Amino acid sequence: MAEEKGLEQLKKEAAEKAKAAAAAREKGAASAKVKEEPAEKAKPSPNQHILDKYVQEIENHLGKEILEDSYINRLSKDIPTLVAKPDTYRKVAELLKYNEQLAFDYLSELHGGDFETHMEVYVHLYSFTNQQAVALKVKIERSNLEIPSLVPLWEGANWPECETYDLLGIRFTGHPDLKRILLGEEWIGYPLRKDYEPYDVEV
Amino acid sequence: MSLSGEFLAFIVLSLVAIIGGVLLLNLTKVVHMVIALVFSFISIAGIYVLLSAEFIAAVQVLIYSGAITIIMLFGIMLTRHHDTEDIKTNTWKRLILLLAIVGFGFVVYIGIYNLDIPEKPTTLHEANTEQIGIELYSKYIIPFEVTSVILLVALVGAIILAKKDHEEEGDNS
Amino acid sequence: MIQELLQSSPGLLNLGIFSLLAVLLLFVVLGFVTYGILSERKVMGFMQMRIGPNQVGGRWALLQTVADVLKLLIKEDTIPKVADRPLYIIAPVIAFAPAFMVLAALPFTDKFQFADMGIGLLYYIAVSGITTVGIVTAGWASNNKYALLGGMRAAAQMISYEIPLVMSVVGIVLLTGSLNLNEIVEAQKNIWYIVLQPVAFIVFLIASVAELNRVPFDLPEAESELVAGYHVEYSGFRWAMFMLSEYVYMFAMASLTTILFLGGWHPLPFLGFIPAAVWFALKFSLVIYLLIWIRVTFPRLRADQLMEFGWKVLLPVALANIFVTALLKELFSMF
Amino acid sequence: MIRTEEMLLNVGPQHPSTHGVFRLVIKIDGEIIKEATPVIGYLHRGTEKLAEDLQYTQIIPYTDRMDYLAAMTNNYVLCHAVETMAGIIAPDRAEYLRVIAMELGRIASHLVWWGTYLLDIGATSPFLYAFREREMIINMLNELSGARLTFNYMRVGGVKWDAPEGWIQKVHDFVPYMREQLEGYHQLVTGNEIFMSRVKGIGSYTKEDAINYSLSGANLRCTGVKWDLRKNEPYSIYDRFDFDIPVRQDGDAWARYHCRLEEIEESLKILEQAVEQFPQDGPILAKVPKIIKPPKGESFVRIESPRGEIGCYIASNGKKEPYRLKFRRPSFYNLQILPKLLKGENMANLITILGAIDIVLGEVDG
């Protein structure tokens, strides 16, 4: 193992590795820069089987038609991405946490986004037991901005949900203390919405 | 009586003590009362000094105006209380009270005025702390120790009371 | 001289002499406080690898504290609207006056002293306790929650540490057979009490730091917790009074430590040609340096740990010290 | 019977130990905290909203102002997100410069934490010692980037400036010096009885709690979770270095203290190796277009900042400005556990617990 090797040797190795990588990178950077991407896209992602496993697991437990979509997000380090429906979102999240195959015990990130036609909540989960990550997304109609809260599953979703509510106006039902955490209760409007008009346009 | 420094000091100290006492009764805020009490205590300590009872004076300041007042302040600050209380009394009651006070004052005055303490040569000024110590530990050792037992009982009682309160609180929650 | 004066009948001359002496002492003490603060800042600077004050009054910033105090004195006097006004005004005075009163009992040298009291030691401890009343009052009167917490901490701390402080010196009282500070110094002519009573010295030092409300026992003002504790609402000369009383106490406590444990004005053997006052000043400075050193080194204790330490460690140790001292004294007197 | 009075105390937004404009409304009974409610948002500047009208390069200065104690990592996370999306690979020399800068920043950040934490506990001197070393780091980063705190140093595809002459040697010399000082820190503080009694067993939580509350960084590692993105999800060139992840088991303030100080040592190891491997010459910026337009889509990357996982989410619609930009700010997540930790604690422990979480308000409020 790495620890057992002498420090000297390790250093030497690392230096060699660095040199090799440097050569390769320079070559790549000089010739292709952005164009590397399409070539790679042709082959299937190394994470494809993981995604398949997730989807399989969800379908086994919750049935089909639960997910709106599932794909590998190549722009985001090949992360398996699941898109749930607003009414299945909570169920999928629960499964992701409690199923032993999935066991996503760590909520790394939760935020929302306004995509004009709809709003979206993006959740990045990680499993320390399986050393895997997943992105769970849900699209919400702008007319009905309500979605179950994840706080009962992950305490860590508490403030991020407040922040999302504060800046985008997505209400999380079942949240223990949903408040406008950053702007304060007296703020009018939800600034991160695309149609938000600042009170003083000049500022 | 000549106007000696001692006399002047006595007048000033007793005045402060009396004013402190009066203020203690008449002030409306509890904390103010305690501060008035401190002044009373300290002046009384001063009177002790005039009587050459230095040890008693120091202990008076240490225990009364130091520790006890602090504990009283502590208790007041930590607990709920109403700063002001309106006490309504009728005139008759007041009159009777006044009479009683005047009567008491008169009796005390007569008593002190007629009191004749024979003057004895004493050595109060010399090492009176040592004298107190010797007296206390030779003649009055039993009463002294018994007092400490009483204090111990009081201490245990206080602990029991406080503990009970704690348990009740535990039951409620 | 003072004793004679005290017993003579009052007159304008006496009043004049007393006032003059008091003013003299006041200036000596203020002089100390001025340079005590400066030296504390300089020593702290030295220990923390920075320069410290070096602008006002030349390279050594000799006028820094003067300027600071001047600023405090001419600062606007603010009293919070919701404060308990009479108490708010009287509190600094209650805290300040005893600080000077204790100085009367301290024999600085065999000549330079004001009152040779039979119970000098007890007097010091008793009077210094009154300051706490002032601090608690200040905390209450400010009508500020931080101040109140600070005041309450001061009260709790004072009650807990006064006892070990008194108990630690009982050993000395046993050995000397007197509470008189002069006699205590005289008894150390040959050997200092720090040698005979090392445990008492340590307990006394710790308890005295606690009494002074200095780090690591500076809970009443705990800057990082209670902002400034009991004097958070005070400013200008009222605040200056608190600060001055703090440093006067530091002066007094260092003197008392010198008197009780370091042999007062007595010289080291073979160095008797150096005047007594210089000896006292040297030992006194050493204690002050130690206090500053402690301040720079230690973090702050927590309130409950402070209580626990006072009651469960210092007090039993002090009591054991008394017991052992009494035992040894009896044993030695037998042979 | 005597009932003590509960009172409501506002700690902050102007309080010496909240390290910024953070307010904590606490209900206390005597000195025991019954309930604590954090109030944040005093420093919210709407970085994410502002970013929607800015080009990617223009956003970089805004990231400096989030975690202003370790701005290099913030710079990096944004560049890394854009690079991941656009498939840009930064040249080696740039990557090394970035790593050196980030690790220096990590050390500086931990030093500030160490100093101010001790200051909170009432020891004044360590603060000055820590800042002496931090000043050296700041000076080095100043030479590199031209700024002391808000570096604006990294660019998509590389860095803005090459290292000035002799700079690498300075870093090289700094490593043994810092090791020596670190030893001094341990001698000065770590064994101190009072300090130990103040932090041991204070503000402790379990591994499960830490994971459940989405804690990261030293706050997570102090419970025994061996988790460091530099090692577990290697980004940049961290896979080329040999270093450890300091882990403790107790989950209290004492464990966090050790984790952070040991992290300094590990960072020094990385610095040592990075200086050794540093490429003699080469470009410092990949060939990227003047106006960067990542492809349509979204990306979320996370890296290890001194305070934990800092993440950057970009949703792009192929334009030169991000459609939606979001930072996962570790302090914001770490702070969530505070009310739970404070309940039933002594008032004096408030400072110890809050300090041990190591928050930067610029980051909490975004």
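Trainee: Let's start in chain D. Are D:Asp67 and D:Arg307 buried or exposed?

Mentor: D:Asp67 is buried, and D:Arg307 is buried too. Keep in mind that this is a predicted model.

Trainee: Okay, and what do D:Asp67 and D:Arg307 form?

Mentor: A salt bridge, with 2.9 Å between the closest N and O atoms. D:Asp67 sits in the loop between helix H2 (56–64) and helix H3 (71–86) of chain D, while D:Arg307 is in the loop between strand E6 (297–305) and strand E7 (308–316), so the pair ties together parts 240 residues apart in sequence.

Trainee: What about D:Glu262, which residue does its side chain meet in a salt bridge?

Mentor: D:Arg248, at 2.5 Å from N to O. That pair links distant parts of the chain, 14 residues apart: D:Glu262 belongs to helix H11 (residues 253–277) of chain D, and D:Arg248 to the loop between helix H10 (229–232) and H11.

Trainee: How accessible is D:Glu262? And D:Arg248?

Mentor: D:Glu262 has 22% relative accessibility, so it counts as partly exposed. D:Arg248 is partly exposed as well, at 28%.

Trainee: Which residues of chain D do salt bridges with shared partners join into one network?

Mentor: D:Glu103, D:Arg106, D:Arg221, D:Asp228, D:Arg230, D:Glu263 and D:Glu304.

Trainee: How many salt bridges turn up over all chains?

Mentor: The search of the whole structure gives 45. One in chain A joins the side chains of A:Arg142 and A:Asp114, 2.6 Å from N to O. A:Arg142 is in the loop between strand E5 (132–141) and strand E6 (146–148), and A:Asp114 is in strand E3, so this pair ties together parts 28 residues apart in sequence.

Trainee: Is A:Asp114 buried or exposed?

Mentor: Buried, because its relative accessibility is 2%.

Trainee: Switching topic: how many helices and strands does chain A have?

Mentor: Five helices and seven strands. Along the sequence the pattern runs α-α-α-β-β-α-β-β-β-β-α-β. Chain A has 203 residues, and buried ones make up 50% of them. Take the contacts between residues at least 6 apart in sequence: 53% of those join residues at least 24 apart.

Trainee: And where does chain A meet chain D? How many residues are in contact?

Mentor: 62 residues of chain A are in contact with 60 residues of chain D. The two chains bury about 5,200 Å² between them, and 55% of that is on carbon and sulfur atoms.

Trainee: How many salt bridges cross the interface of chain A and chain D?

Mentor: Five by the rule. A:Lys137 forms a salt bridge with D:Glu298, where the closest N and O atoms are 2.2 Å apart. There are also 26 residue pairs in polar contact between chain A and chain D, both residues at pLDDT 80 or more.

Trainee: Which element gives the most to the side of chain A that touches chain D?

Mentor: H1(A), with twelve residues. By class, that side of chain A has 31 nonpolar, ten polar and 21 charged residues.

Trainee: Last one, over in chain B: where does B:Ser43 lie?

Mentor: In helix H2 (residues 30–50) of chain B. B:Ser43 counts as buried, because it has 3% relative accessibility. Leaving aside neighbours within four places in sequence, B:Ser43 is in contact with B:Leu13, B:Val16 and B:Ala17.

Notes. Residues are numbered from 1 along each chain as its sequence is written. Chains are lettered from A and ligands numbered from 1 in the order in which they are written. This is a predicted model: local features need pLDDT of at least 70, side-chain atom pairs count only at pLDDT 80 or more; totals for chains, interfaces and linings use all residues. Side-chain values use heavy atoms; hydrogens and water are left out. Contact means heavy atoms within 4.5 Å. Buried area is the accessible area (1.4 Å probe) that two parts lose on being put together, summed over both. A salt bridge is a side-chain nitrogen of Lys or Arg within 4 Å of a carboxyl oxygen of Asp or Glu. A polar contact is a pair of N or O atoms within 3.5 Å; within protein, one must be able to donate a hydrogen and the other to accept it, and residues adjacent in sequence count only if both atoms are side-chain atoms. Helices (H or I, at least four residues) and strands (E, at least two) are DSSP runs, numbered from the N terminus. Ala, Val, Leu, Ile, Met, Phe, Trp, Tyr, Cys and Pro count as nonpolar, Asp, Glu, Lys and Arg as charged, and the others, Gly among them, as polar. Buried means under 20% relative accessible area, exposed over 50%, partly exposed in between (1.4 Å probe, protein chains only).
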